[in-house]
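I record what I looked up, entry by entry.

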Amino acid sequence: MPDFLLQLDRQIFHFINYTLSNPVFDAVMPWLRNPKFWIPVYVFIIGFSIWKYKKAGAWLIVLLVAAVGVADFGSATLIKKQVKRDRPCRDVVLQQTIKSRVPCGTGYSFPSTHASDHFAMSIFLGLVYGRKWQYTWVLVLAWAMLVCLAQVYVGVHFPVDVAAGAIFGAVIGLIFAKVFKKIQPQF
């Protein structure tokens with residue numbers, strides 16, 4: 001990564017992780033990045049989709065799970081192991097000022113798999129449900145962006161990591177939404 005971009009990435013990270021520090025974010029942000037916190041949302045999406053749209057809803061869930069699986073595998077297994085970028089919590093330049101609010105985590109940082117997975121879900125759901133349900137886009141993008149912000153705030157990812165993960169996940173979500181529209185053109 002070019003030095004100017006690395007420095008900018010560290011500065012934005014420092015702003016989010018250190019300067020924005022406050023007791024409310026300290027309490028909320030670790031929860032927002034925890035996949036278990038989102039289980040009620042996942043259960044609602046599955047239940048609502050199948051209840052409301054039956055067979056089309058079942059296809060929707062199958063392709064949503066496939067999109068997340070591809071985003072997760074691509075991010076965590078393929079890209080991270082090639083790039084090998086350390087997490088901010090292991091960055092020697094940031095060690096004096098970083099506020100680690102969750103354990104550092106194993107593995108590499110680029111791209112953020114949380115961002116990949118949540119943007120794959122949100123773009124898929126936004127494209128599939130966006131015409132039927134007016135506020136879908138606002139909700140799904142806010143959800144994914146909060147997860148991304150939380151990743152930086154708690155100290156486990158740089159902003160570039162979450163931006164790259166979001167872009168990667170968005171592309172995957174777009175592809176699987178197009179597949180869904182081919183399989184269920186009447187939806």
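**Entry 1: Aromatic pairs**

I began with Phe44, which is exposed at a relative accessible area of 53%; buried means under 20% relative accessible area, exposed over 50% and partly exposed in between, with a 1.4 Å probe and protein chains only. I note that this is a predicted model, in which local features need pLDDT of at least 70 and side-chain atom pairs count only at pLDDT 80 or more, while totals for chains, interfaces and linings use all residues. Residues are numbered from 1 along each chain as its sequence is written, and side-chain values use heavy atoms, with hydrogens and water left out.

I then searched the whole structure for aromatic pairs and found 16. Rings of Phe, Tyr and Trp (its six-membered ring) pair if their centres lie within 6.5 Å; planes under 30 degrees apart count as stacked, over 60 as edge-to-face and the rest as tilted.

I looked up Phe13 and Phe158, a tilted pair with 5.6 Å centre to centre and 55° between the planes. Phe13 lies in helix H1 (residues 3–19) and Phe158 in the loop between helix H5 (136–153) and helix H6 (159–183), so the pair ties together parts 145 residues apart in sequence. Helices are DSSP runs (H or I, at least four residues), numbered from the N terminus. Phe13 is buried at 1%, and Phe158 is buried at 1% relative accessibility.

Returning to Phe44, I find its ring stacked with that of Phe48, because the centres are 5.5 Å apart and the planes are at 20°. The two residues are four apart in helix H3 (residues 39–83), about one helical turn. Ring pairs link both into a cluster whose members include Trp51, Tyr53 and Phe187.

**Entry 2: Charges over rings**

I count a charge as over a ring if NZ of Lys or CZ of Arg is within 6 Å of the ring centre and within 35 degrees of the ring normal. The charged end of Lys132 sits over Phe187, 4.6 Å from the ring centre. Arg101 lies over the face of Tyr153 at 3.9 Å.

**Entry 3: Cysteines**

How many disulfides does the structure hold? I found one, a disulfide being a pair of cysteine sulfur atoms within 2.5 Å. It joins Cys89 to Cys104, S to S 2.0 Å, and is right-handed, with 75° about the S-S bond. Cys89 is buried at 15% relative accessibility, whereas Cys104 is partly exposed at 21%. Cys148 is in no disulfide; the nearest cysteine sulfur, that of Cys89, is 17 Å away. Cys148 is buried at 8%.
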